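Dear colleague,

I am handing over the structure we spoke about, and I would be glad if you looked through it before reading my notes. The notes follow directly after it.

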Amino acid sequence: MNKFSTDSNNISIDFSLFPFCFRCVKSGNFTNKLKDNKHFFKLFKRLFEIDIPALTQYSFENITRATNKHSHSISINTKEYFLVIDVIRELYKSYKGDNYSDRDFELFIENNINEYYVWQLGISGGVRLFGVRKSNVFSVLFIDYHHLIYPNKNYNQENYALYDFCPITNNNNNNKGGIDNE
């Protein structure tokens, strides 16, 4: 795990440890794919201009209460935990491509997840970040743009299954501009 730390107890959000954290995938009823590049930039702007500055005001000791329980650890052996692992598997497969193997993924989990707490960080109305916590450093594994790890019938009304844009792999042929299409 990254040795990055800060002098304060406030949460520090790190996007550098897991190179697949900005990819989008589908796994069962979960997707973090987006409508198009405009949708991506709208949410990405909010994430970096509103959500992250708000989240980094807190420590892990007070963030759950301060964010009205939108930020919390994920209990092991729950359906949400297993969905998080499935999403990570799909992201890892997408990242590794032809070099993917189940054994390699198992080692990745052992080395990067098993001894750390998996957390969701989010604020009301914002996207959710999923990652691992070590001390006050939160290393992002993936972004849940639609709150589908913990869905709520009152808020998840759109048909996200129709979304097919990923800013990294750009699987939506109607919108050019993803990194892999350059």
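A residue is called buried when its relative accessible area is under 20%, exposed when over 50%, and partly exposed in between, with a 1.4 Å probe and protein chains only. Please keep in mind that this is a predicted model, in which local features need pLDDT of at least 70 and side-chain atom pairs count only at pLDDT 80 or more, while totals for chains, interfaces and linings use all residues. Residues are numbered from 1 along each chain as its sequence is written, and side-chain values use heavy atoms, with hydrogens and water left out.

Of the 182 residues in the protein chain, 47% are buried. The chain has four helices and seven strands, where helices (H or I, at least four residues) and strands (E, at least two) are DSSP runs numbered from the N terminus. Along the sequence they follow the pattern β-β-β-α-α-β-α-α-β-β-β.

Turning to the rings, there are 20 aromatic pairs in the structure. The rings of F105 and F108 count as stacked because their centres are 6.4 Å apart and their planes meet at 25°; rings of Phe, Tyr and Trp (its six-membered ring) pair if their centres lie within 6.5 Å, and planes under 30 degrees apart count as stacked, over 60 as edge-to-face and the rest as tilted. F105 and F108 lie about one helical turn apart, because they are three residues apart in helix α4 (residues 102–112), and both F105 and F108 are buried. Y160 and Y163, by contrast, form an edge-to-face pair, with 5.5 Å from centre to centre and 85° between the planes, and both of these tyrosines are buried. Finally, ring pairs join F18, F20, Y92, Y95, Y100, F105 and F108 into a cluster.
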